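Subject: Structure handover

Hi,

Here is the structure for your set. My notes on it follow below.

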Amino acid sequence: MKRKLVLEDGTVFIGEAIGSEKAVIGEAVFNTGMTGYQEIISDPSYCGQIVTLTYPLVGNYGVNLDDFETINPSIGGLVVKESCDYPSNFRSVESLDNYLKNKDIPGIQGIDTRKLTRIIRQQGTMKAMIASIETTTEELLKKMKMTPIPQDQVSQVSTIKPYVVPGRGARIVLIDFGMKHGILREFTKRSCHVTVVPYNTTAEEILQLKPDGVMLSNGPGDPKDVPEAIEAIRELISVVPIFGICLGHQLIALASGGDTLKMSFGHRGSNHPVKDLETDRVWMTSQNHGYAVSEESLTNTDLVVSQYALNDGSVEGLKHEFHPVFSVQYHPESAPGPQDSNSLFDRFLTMIDAHKRGEYTCQNVLTSTKF
Ligand SMILES: NC(=O)CC[C@H](N)C(=O)O
């Protein structure tokens, strides 16, 4: 069955249908990873977005039971060059097309994803629609114009109730803004006692759980759309050790008086080089973000930039000057992607330990420079 992808600027791509038959409007973004489509499709940070995978063959190792980042994916739609109908892998339980159909996610294949990516890179991310070929482009453009990008994505993907994953180690409260399960896996691997709480849990409710540390997860949308979380983080910063990933990192900046801005086409892929100024090392990182912390906005805050993206010099890591609080814009849980930065979870637990013993001293020894 033929289907089309229409961009806000009027560009039309005709392709073949995959997945669900429903039409969808969302922000068109691209991910350059060569593998990891299952983790990408199930990453809640993509909530409502139409994701193009630049690698030309997708679905060749099928969909397995282990690699989901959440059980109910919230991605808007999927665009690929070629979707493989006959996957081959010992872990595979179904094809990509089947999975998309079961989860009611529409997709399109057989279009020039390289051309699409070039358009997004040149003009920035924009709205797009995947729809039936029967509907006229004029009609779809009108519909797109009238449909705003929702601002409540975090509440759509966060847990509704708190839940506990017991352990004997450090007590972590994990605020779920659309958490990738990889983050939870990293803490359970380290025997932590994790309480996952909804995005709008207050600082007081969090402190009642007597956390040794608070983890701020990744999540979809604009960080400014979750003011209740910014408020809670502001209250927690001087009280308890905090580690933020992606949306969590942006929220720490906003809670500290800094600012965030929308990037032109963002960073989405599995090989983004980041320089860590503390160790003077370059890490390859897994990324998925459309917003970034503004470096200039940090001047009058207690935050310092600890890491930079080497491709465009944007802020990738922050450290608090006085409190045990730090964050990264990328994904150290690396699902999918390289594991160079996985030790950040250990760094957090070491920080928690020192704080517990009353021995935490600020270690902002940034030995290196930006480039
Ligand atoms: N992965 C994330 O947490 C993404 C954060 C935010 N939604 C952004 O796009 O920048």
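**The open sheet**

An open sheet of 10 strands has the order 12-14-13-15-16-21-20-19-17-18, with mixed pairing. Strands are DSSP runs of E, at least two residues, and helices are runs of H or I, at least four residues, all numbered from the N terminus. Two strands pair if DSSP finds at least two bridges between them. Strand 12 (163-165) and strand 18 are the edges; each has a single partner strand, so one side of each lacks a neighbour in the sheet. From one strand to the next, the twist averages 25 degrees. Axes here are lines fitted to C-alpha atoms (for helices, over the stretch in contact), and angles run from 0 to 180 degrees between N-to-C directions.

Before going on, the ground rules. This is a predicted model: local features need pLDDT of at least 70, side-chain atom pairs count only at pLDDT 80 or more, and totals for chains, interfaces and linings use all residues. Residues are numbered from 1 along each chain as its sequence is written.

Strand 12 pairs with strand 14 (residues 193-198) in the antiparallel sense, over three bridges. Val164 has Thr195 in strand 14 as its bridge partner.

**Helix 6 and Gly213**

Helix 6 (residues 181-189) packs on this sheet. It touches strand 12, strand 13 (171-176), strand 14, strand 15 (213-216) and strand 16 (242-245). Its direction makes about 155 degrees with that of strand 14. Contact means C-beta atoms, placed from the backbone, within 7 Å.

Which residues of helix 6 are buried? They are Gly182, Ile183, Leu184, Glu186 and Phe187. The cut-offs: buried is 20 or more other C-beta atoms within 10 Å of the residue's own, exposed is 12 or fewer, partly exposed is in between, with C-beta atoms placed from the backbone. These buried residues pack against strands 12, 13, 14, 15 and 16, and also against helix 10 (344-356). Just after helix 6, Ser191 takes a positive phi of about 60 degrees.

Gly213 sits in strand 15. Gly213 counts as buried because it has 24 C-beta neighbours inside 10 Å. Its C-alpha atom is separated by 6.5 Å from that of Val173, 40 residues apart along the chain. Beyond neighbours within four places in sequence, Gly213 contacts Ala170, Ile172, Val240, Pro241, Phe243, Phe348 and Ile352.

**The ligand shell**

Around the ligand are Ser45, Asn218, Gly219, Pro220, Gly221, Cys246, Leu247, Asn288, His289, Gly290 and Tyr291. By class, the shell has four nonpolar, seven polar and no charged residues.

Seven strands form a closed barrel, running 1-2-10-7-4-3-11, with mixed pairing. Neighbouring strands are turned by 35 degrees against each other on average, direction ignored. Strand 2 (residues 12-19) and strand 10 (residues 106-109) run antiparallel, joined by four bridges. Gly19 stands opposite Pro106 in strand 10.

Helix 4 (residues 137-146) lies across strand 1, strand 2, strand 3 and strand 11, at about 135 degrees to strand 11.

Definitions and conventions. Contact = placed C-beta atoms within 7 Å. Near = placed C-beta within 6 Å. Nonpolar A, V, L, I, M, F, W, Y, C, P; charged D, E, K, R; others polar.
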